Amino acid sequence: MKKIILAASLCAASFSHPASAQSDYQADSIFISKIFTAALSEGKCYEVLRHLTQDVGSRLSGSAGAAKAVAYTKEVMQQEKFDNVFLQNVMVPHWVRGAKEQGFIIVGKQKTSVPIAALGGSIATPKEGLKAKVIEVKTFQELRDLGVEKVKGKIVFFNRPMDPAKLNTFVAYAGAVDQRGAGASEAAKMGAIGCIVRSMTTRLDDVPHTGSMRYASGAPIIPAAAISTNAAELLSKTLKEKPETEFYFKQNSETLPDAPSHNVIGEIKGAKTANQYIVAGGHLDSWDFAEGAHDDGSGCVQSIEALRLLKLLGYTPNNTLRAVMYMNEENGLKGGIAYADSAKSKNEKHLAAIESDRGGFIPLGFGIVGTPAQKVKIVSWSNLFSPYGIHELGPGGGGADIGPLGQQGTVLLGLIPDSQRYFDYHHASNDTFDKISKRELELGAAAMASMMYLLDKYGVE
Ligand SMILES: [Zn+2]
């Protein structure tokens, strides 16, 4: 089937374009095939990811792991002899989990221990923990409709699942994540004293999935934790049978003063317009109890690999190409903001920015944020990607870290891998290196290198 499509597209190219465009098409097609061959047969990103996840380990902003990850990725890019490798200072939030959390469903004298994890940014419970009756809701509106009298003094339990019917799991995530981000403050406004949120995953499992939350100004500040999906089901069932059920939880999380950290940047200088940039990146930080293999060690190592592949194949770029390891995407986005601020103050014109932050799964396309003309130009390269199963060029958006660059007119591209398994591991302790397919990771790196090559050769204006 793919062969037929490719043949048809080659015919279309030969009939509808002048001879020069046709020879460019052939040259591009050959070069992209070399990128994929090199990625799959001489790839290095899998081993770099192994070290980053298993030897460096978790790397929440401000932690010793994050500092090690900065030093390690800098060293990797120096060993690859990129033209310039440097650190960019950034102050980051420094939140720490403290001792492992405890959670219990309590019915009379019966206590059932359940897996919970403090949400990133949450305060601790009182030292002795927090025990109260539970009120379960699925939406903020449902919470408000209950009224202060029914919520006051209780623990609010947000239990709206990610919609399993959504084909794109990021759409399902977007439809549920308000509970995690804003649930605690919404509950506190109604007089609640604690907040428990069903983990953001489509799977039923025993692993709590953390993630950032924020306190709304003016609302009381109450502790918030994620509960595993199996435990959420159990709590919901128990509440239906015994509405007097109580929940107890204890957590020791704390926000320390902001800490100094870094973005890590490697570049290959452009031969024609070195003051124009095309960047590929991922975020170097991960949640504290996760190796962060898919989120987002994958995106970091793929970005380094994209530059390495182009250098290996002897490509001399017109514009300066960069691999950027952004710090602090998970709980502050300070790295992405600092990078864009620096680009602006140094007058570094960024033509395009690619981000890989949806896991190291098999690549299917790129989301594009740009003008209609820019989108048309990028979509015109579809035939060059289709032999590799990459068909989705267009909708889907860029990425959080590169978002701030968008305000400078930079075209934003987000690598879109298959999304079905991402939320099995997202922000959880099971996001480990063994969940990574070497080939799928390498194909993503090759897709990014190919996109960088086309953006560099043809521009996007
Ligand atoms: Zn991420």
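The residues lining the largest pocket comprise eleven nonpolar, 15 polar and nine charged ones, where Ala, Val, Leu, Ile, Met, Phe, Trp, Tyr, Cys and Pro count as nonpolar, Asp, Glu, Lys and Arg as charged, and the others, Gly among them, as polar. The model is predicted, so that local features need pLDDT of at least 70 and side-chain atom pairs count only at pLDDT 80 or more, while totals for chains, interfaces and linings use all residues. Residues are numbered from 1 along each chain as its sequence is written, and side-chain values use heavy atoms, with hydrogens and water left out.

The volume of the largest pocket is about 740 Å³. Its 35 lining residues include Tyr-173, Arg-180, Ser-212, Glu-329 and Glu-330, which are the closest to the pocket centre. Two or more lining residues come from each of β1 (84-96), α7 (169-174), α8 (178-189), β16 (411-417) and α15 (422-425). Helix α8 gives the largest share, three residues. A pocket is here an open set of points on a 1 Å grid over the protein atoms alone, where a 1.4 Å probe fits and protein lies on both sides within 12 Å along at least five of seven lines; lining residues have an atom within 4 Å of a point. The volume is the space filled by probe spheres set on the points, which are joined across faces, edges and corners. Helices (H or I, at least four residues) and strands (E, at least two) are DSSP runs, numbered from the N terminus.

His-283 belongs to strand β11 (residues 273-283) and Asp-295, twelve residues away, to helix α10 (residues 293-312). His-283 and Asp-295 are both buried, that is, under 20% relative accessible area, with exposed meaning over 50% and partly exposed in between (1.4 Å probe, protein chains only). In α10, 18 of the 20 residues are buried.

Salt bridges, defined by a side-chain nitrogen of Lys or Arg within 4 Å of a carboxyl oxygen of Asp or Glu, number 23. Glu-267, Lys-269, Arg-322 and Glu-348 are linked in a network of them. Within helix α16 (residues 438-458), Lys-438 and Glu-442 are four residues apart, about one turn of the helix, and their closest N and O atoms are 2.7 Å apart in a salt bridge. Lys-438 is partly exposed at 36% relative accessible area, whereas Glu-442 is buried at 1%. In helix α9 (residues 229-241), Glu-241 and Lys-237 are likewise four residues apart, and their salt bridge has closest N and O atoms at 3.9 Å. Glu-241 is exposed, at 53%.
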